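This report walks through one protein chain. Look at the sequence and the model first, then read on.

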Amino acid sequence: MGAPNAIELLEDLISDIESKLNLAPGEEPTQVSKAQSQGTKEKKKASKTPAKSAAPPEDLPEICKLEFKVGLITKVWVHPDADKLYCEEIDVGEEGGPRQIASGLRPHYSEEEMLGKRVLVVANLKAKNLVGFKSHGMVLCAAEMQDDGSEKVEFVEPPEGAPLGEVVTFEGLPAPSPASASQVEKKKMFATCMEGMKTNDDCVGTWNGHRFMTTAGPCKGRTVKGGAMR
């Protein structure tokens with residue numbers, strides 16, 4: 001076979017360049033650049049789309065879809081237009097600062113007794129307007145009927161060593177995976193869970209026998225045994 005002519009040498013050179021650039025035979029480099037550019041744009045567009053928070057697994061116990069946070073009442077005042085309501089600011093360890101929450105506890109606690117209390121806040125409830133005051137959650141209490149027909153209500157309190165903002169777990173159950181506030185309201189999760197929520201003989205908060213726990217120990221009332229939690 002004779003020596004390759006100029007055309008054959010040129011074709012070999014083109015083939016070599018196409019191979020190095022990962023081009024199909026006859027494909028123009030600009031076509032690849034456009035495709036690569038389009039792919040880059042699509043990736044950038046996709047990265048800007050925020051990922052939706054996943055809903056909790058359907059088989060997760062309902063109580064594990066609620067979010068109970070350790071909080072501290074840092075400010076309290078009487079609601080000006082409601083006889084039974086206090087307005088509170090409660091530190092639950094959130095960057096946005098304390099939550100404002102209204103509680104119907106004036107028949108059971110003085111302002112002095114409320115201030116500085118460590119409490120559990122049900123944190124993934126929809127905000128509600130309570131006589132003109134927007135309440136962002138609720139504090140968890142236990143209640144029992146007295147012999148004279150009156151009701152005794154007291155806080156279910158986290159232990160001193162539990163850090164503010166810690167999310168309560170439930171002994172013997174999976175880790176909580178809180179649902180959105182809209183899901184909690186739509187599916188009436190809190191109302192459903194209330195049926196199984198009560199204090200035990202040691203005044204510890206439970207759900208169907210599973211204790212409300214923090215890293216510092218269980219959450220409990222002072223004196224109420226077998227009382228409904230709400």
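## A lysine and its partner

At 44% relative accessibility, lysine 187 counts as partly exposed. The terms run as follows: buried means under 20% relative accessible area, exposed means over 50%, and partly exposed lies in between (1.4 Å probe, protein chains only). This is a predicted model, in which local features need pLDDT of at least 70, side-chain atom pairs count only at pLDDT 80 or more, and totals for chains, interfaces and linings use all residues. Residues are numbered from 1 along each chain as its sequence is written, and side-chain values use heavy atoms, with hydrogens and water left out.

Lysine 187 forms a salt bridge with glutamate 58. Their closest N and O atoms are 3.8 Å apart. A salt bridge here is a side-chain nitrogen of Lys or Arg within 4 Å of a carboxyl oxygen of Asp or Glu. Glutamate 58 is exposed, at 63% relative accessible area.

The pair links distant parts of the chain, 129 residues apart. Lysine 187 sits in the loop between α4 (181-186) and α5. Glutamate 58 sits in the loop between α2 (29-48) and β1. Helices (H or I, at least four residues) and strands (E, at least two) are DSSP runs, numbered from the N terminus.

How many salt bridges does the structure hold? There are nine. Side chains of opposite charge can pair when their charged atoms come close.

| Pair | Closest N to O distance |
|---|---|
| Lysine 187 and glutamate 58 | 3.8 Å |
| Glutamate 94 and lysine 69 | 2.9 Å |

Take glutamate 94 and lysine 69, which form a salt bridge. Glutamate 94 lies in the loop between β2 (86-91) and β3 (99-103), and lysine 69 lies in strand β1, so the pair ties together parts 25 residues apart in sequence. Glutamate 94 is partly exposed, at 26% relative accessibility. Lysine 69 is buried, at 12%.

Glutamate 171 is partly exposed, with a relative accessible area of 37%. Arginine 211 is partly exposed too, with 27%. Elsewhere, salt bridges that share partners join Lys69, Glu94 and Arg99 into one network.

## The sheet

The protein chain has five helices and 15 strands. Strands of a sheet pair through backbone hydrogen bonds, either parallel or antiparallel. Five strands form an open sheet, in the order β3-β2-β1-β4-β7, with antiparallel pairing. Which strands lie at its edges? They are β3 and β7 (138-139), and each pairs on one side only.

Two strands count as paired if DSSP finds at least two bridges between them. β2 and β3 pair in the antiparallel sense over five bridges. Glutamate 88 stands opposite isoleucine 101 in β3.

## The cores

A nonpolar core is a set of buried Ala, Val, Leu, Ile, Met, Phe, Trp, Tyr and Cys residues joined through side-chain atoms within 4.5 Å. The largest has 25 residues. Ile63, Leu66, Phe68, Leu120, Leu140, Met197 and Phe212 touch the most other members. The elements giving two or more residues to this core are β1 (68-78), β4 (118-122) and α5 (189-194). The largest share, three residues, comes from α5. Apart from this core lies another, of 16 residues, including Tyr86, Ile90, Leu105 and Phe155.

Lysine 65 is in the loop between α2 and β1. Is lysine 65 buried or exposed? Lysine 65 counts as buried, at 5% relative accessibility. Contact means heavy atoms within 4.5 Å. Not counting residues up to four places away in sequence, lysine 65 touches Pro56, Pro57, Glu58, Leu60, Asn124, Ser177, Pro178, Ala179, Val184 and Met189. Glutamate 58, on this list, is the salt-bridge partner of lysine 187.

Cysteine 203 is buried, at 5% relative accessibility. Cysteine 219 is buried, at 0%. The structure holds zero disulfides (pairs of cysteine sulfur atoms within 2.5 Å).

## The whole chain

Buried residues make up 35% of the 230 residues in the protein chain. Among contacts between residues at least 6 apart in sequence, 64% join residues at least 24 apart. The chain exposes about 13700 Å², and carbon and sulfur atoms supply 52% of that area. Accessible areas come from the Shrake-Rupley method with a 1.4 Å probe; for residues, only the protein chains shown count as cover.
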